[in-house]
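Dear colleague,

I am passing a structure on to you, and below it you will find some notes on what turned up when I went through it. Please read them with the structure open beside you.

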Amino acid sequence: MTKTSTFTAPKGFPDYLPPNSGQFVAVRDALVGAARLAGFGHVELPILEDTGLFARGVGESTDVVSKEMWTFDDRNGRSVTMRPEGTAGVMRAAIEHNLDRGQLPVKLCYAGPFFRYENVQAGRYRQLQQVGVEAIGIDDPALDAEVIAVADAGFKAVGLTGYRLEVTSLGDDTCRPAYRELLQEFLAKLPLDEDTRRRAQINPLRVLDDKRPEVRELTADAPLMVDHLSESAKAHFDQVLEYLDALGVSYVLNPRMVRGLDYYTKTTFEFVHDGLGAQSGIGGGGRYDGLMERLGGPALSGIGFGIGVDRTVLALAAEGKSLPDPAQVDVFGVPLGAAAGRELVAMAGRLRAAGIRVSQSYGGRGVKGAMKAADRSGARFALVLGDRDLAAGEVGLKDLSTGEQRQIPLGDVVAEVTAALG
Ligand code: HAM
């Protein structure tokens with residue numbers, strides 16, 4: 001194909017094309033499948049929302065809201081934002097459609113693109129794809145554990161092994177304000193630079209996540225939230241860990257975890273993969289009790305996660321693994337002659353109706369070109385049909401890995417191919 005287009009995709013907006021798009025779809029479907037196994041229903045929500053939803057929901061001081069949003073005025077001068085994450089939109093929809101009047105918890109799952117104006121690098125895009133779940137309305141540690149276990153099961157279904165789950169508790173209204181003051185007092189005594197001091201004022205927890213060695217050293221003895229949890233928050237967290245043990249989900253405690261979104265309370269977690277370099281977070285989430293009320297809805301609790309599909313695909317490749325391509329065909333038709341071509345088209349239709357994945361050669365190619373196409377397709381079998389076979393009422397079934405070919409009656413194709421595929 002000659003290249004005539006002078007357009008390129010916007011920076012950081014990936015195109016998903018075969019053959020790699022097969023991995024993307026297989027990973028996304030496996031992650032969604034894990035959520036379905038736990039009864040999460042599907043939601044498909046708008047890409048655009050009122051800008052205020054994210055400012056209020058995710059937090060004005062977060063990088064996501066203050067630096068990374070794709071925000072613009074629509075033709076009526078109303079400020080809209082391309083969703084940077086999924087939780088705020090799910091809350092908006094749950095409030096708007098009174099989902100709390102049904103059975104609780106409301107368990108919802110979504111898959112799709114999100115938009116953040118970030119510095120683009122490997123594993124960090126401006127259009128990123130997530131599979132996420134939200135479980136709304138019941139504050140039960142068993143539900144926290146279920147949500148975490150669903151994410152873990154998703155990664156296992158994909159075939160990932162080289163990741164770890166980090167968990168912590170960020171406390172709640174009963175203990176976080178006092179802890180925040182304690183941490184601010186501690187940080188105020190340190191010889192920190194101006195910028196960091198300012199950050200300590202706005203969100204002191206972020207200082208604990210500073211990657212600079214000198215700051216790490218200074219904050220080595222900083223008070224940690226997990227040591228200052230209220231009795232109820234501690235009991236909740238202890239039970240989550242017990243349930244995770246019961247579910248056989250392994251985890252490590254990371255009391256310094258800081259998430260990039262402000263709505264988290266109590267249980268908070270992250271899945272980290274070491275094969276990815278700097279962008280090692282393949283998924284994360286936590287509880288966000290209070291968010292729905294802040295957005296003008298009923299005082300319902302919630303917990304969920306977002307998994308980065310792009311990064312999960314990269315992690316799988318880093319482990320040297322791949323999933324079967326959903327568009328991979330089992331059988332490839334090789335017609336030799338016009339009448340044979342017509343018969344193979346009909347045969348392909350019958351095979352597909354029986355659930356067998358079939359493609360074929362088109363355009364009247366010769367046997368050499370058509371067989372090459374069959375090999376390239378990755379199919380296990382070729383159906384080779386010449387006009388003479390047609391007259392004899394049979395077709396050649398060729399095993400493309402061994403090269404063995406045998407003739408089968410035309411009327412038995414579906415049964416024979418089904419049997420051959422096992
Ligand atoms: P998040 O940690 O901001 O959480 O994003 C979830 C995942 O999306 C990350 O762990 C990462 O794998 C992927 N991700 C984020 N930014 C990028 C990017 N620029 N390029 C590629 N992948 C990226 C949330 O979004 C929360 N809404 C999750 C949640 C749901 N919490 C509760 N419920």
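A residue counts as near a molecule if one of its heavy atoms lies within 4 Å of it. The model is a predicted one, in which local features need pLDDT of at least 70, side-chain atom pairs count only at pLDDT 80 or more, and totals for chains, interfaces and linings use all residues. Residues are numbered from 1 along each chain as its sequence is written, and side-chain values use heavy atoms, with hydrogens and water left out.

Let me begin with the ligand. It is surrounded by 27 residues, and the closest of them are Glu85, Glu118, Glu134, Tyr264 and Gly281. If we sort this shell by class, it holds nine nonpolar, eleven polar and seven charged residues, where Ala, Val, Leu, Ile, Met, Phe, Trp, Tyr, Cys and Pro count as nonpolar, Asp, Glu, Lys and Arg as charged, and the others, Gly among them, as polar.

Some polar contacts (pairs of N or O atoms within 3.5 Å) can be picked out here. A backbone N or O atom of Gly281 comes to 2.7 Å from an oxygen atom of the ligand, while a polar side-chain atom of Tyr263 lies 3.0 Å from a ligand nitrogen atom. The ligand taken alone exposes 660 Å², of which the protein buries 95%; these areas come from the Shrake-Rupley method with a 1.4 Å probe. The elements that give two or more residues to the shell are β6 (127-136), β10 (281-287) and β11 (302-308), and the largest share, six residues, comes from β10. Strands here are DSSP runs of E with at least two residues, and helices are runs of H or I with at least four, numbered from the N terminus.

The peptide bond from Leu104 to Pro105 is cis, with omega near 0°, and Pro105 lies in the loop between α4 (87-96) and β5 (106-115). That loop between α4 and β5 also holds Asn98, whose phi is near 50°, a positive value in a residue other than glycine.

Is Lys266 buried or exposed? Lys266, which is found in strand β9 (residues 265-273) and has a positive phi near 45°, is buried, with a relative accessible area of 9%. Asn98, by contrast, is partly exposed at 33%; buried means under 20% relative accessible area, exposed over 50%, and partly exposed in between, with a 1.4 Å probe and protein chains only.

With best wishes

Terms used. A polar contact is a pair of N or O atoms within 3.5 Å; within protein, one must be able to donate a hydrogen and the other to accept it, and residues adjacent in sequence count only if both atoms are side-chain atoms.
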